[in-house]
Amino acid sequence: MEIIQGTDEYKGKEIVFHYTSEYYYEAYVDDFSVRFVRKPFGHEVHKEFKSTLLEDWLENPELYMIKEADELVGFIEISLESWNHRLRISNIWVSDSKRHQGIGSKLMNKGIERAGELGVRAIVLETQSCNDKAISFYKKHGFT
């Protein structure tokens, strides 16, 4: 599967994200440090939200995607924040039917590669504190 760069034709495309989780992370703040503790909900939680690709608030966004038979199966959306010279991963998504096949890792590695090419000082991303699977994925790729 080859990664290709997306074009402005994807600007404004709405993507639905969804996940289930049995865990969440609770934050504990002490003076100048934060510690996160993984805790069980006691039941499965279902979350769903929408995002729009290549939104205007992103500074020079780049979209990299993997397609299979003209069907989008995964993408990573990044942007270079010039004010602090960080690379922001604003979205990463893999279709349900293609998860656990290395596509997410391939896309994440592309984002990390672009960060190296751009010489950024950091890569940032965020997710909901109960998106346990995403947090595990990010930790697997070296994020803290």
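User: In strand 4, which residue is the bridge partner of Ile 4?

Analyst: This is a predicted model, where local features need pLDDT of at least 70, side-chain atom pairs count only at pLDDT 80 or more, and totals for chains, interfaces and linings use all residues. Residues are numbered from 1 along each chain as its sequence is written, and side-chain values use heavy atoms, with hydrogens and water left out. Strands (E, at least two residues) and helices (H or I, at least four) are DSSP runs numbered from the N terminus, and two strands pair if DSSP finds at least two bridges between them. Strand 1 (residues 3–5) and strand 4 run antiparallel with three bridges, and the strand 4 partner of Ile 4 is Met 65.

User: How many bridges join strand 4 to strand 5?

Analyst: These two form a hairpin with two residues between the strands, and Ala 69 there has a positive phi near 55 degrees. Ile 66 has its bridge partner in strand 5, Gly 74. Strand 5 covers residues 71–81 and runs antiparallel to strand 4, and the bridges number seven.

User: Why is strand 4 described as largely enclosed by the rest of the structure?

Analyst: Buried here means under 20% relative accessible area, with over 50% being exposed and anything in between partly exposed (1.4 Å probe, protein chains only). Strand 4 spans residues 62–68, and it's largely enclosed because the buried ones number five of the seven.

User: Over how many bridges do strand 2 and strand 3 pair?

Analyst: Their hairpin also has a two-residue link, where Asp 31 takes a positive phi near 50 degrees. The pairing is antiparallel, and the bridge count is 16.

User: Which residues of helix 2 are buried?

Analyst: Helix 2 runs over residues 132–140. Its buried residues pack against strand 2 (14–30), strand 3 (33–52), strand 6 (86–94) and helix 1 (103–118). The residues in question are Asp 132, Ala 134, Ile 135, Phe 137 and Tyr 138.

User: With which side chain does the side chain of His 141 make a polar contact?

Analyst: His 141 sits in the segment after helix 2, and it counts as buried because its relative accessibility is 17%. Leaving out residues up to four places away in sequence, His 141 touches Ser 105, Met 108, Asn 109 and Ile 112, where contact means heavy atoms within 4.5 Å. A polar contact is an N or O pair within 3.5 Å; within protein, one must be able to donate a hydrogen and the other to accept it, and residues adjacent in sequence count only if both atoms are side-chain atoms. At 3.1 Å, the partner side chain is that of Ser 105.
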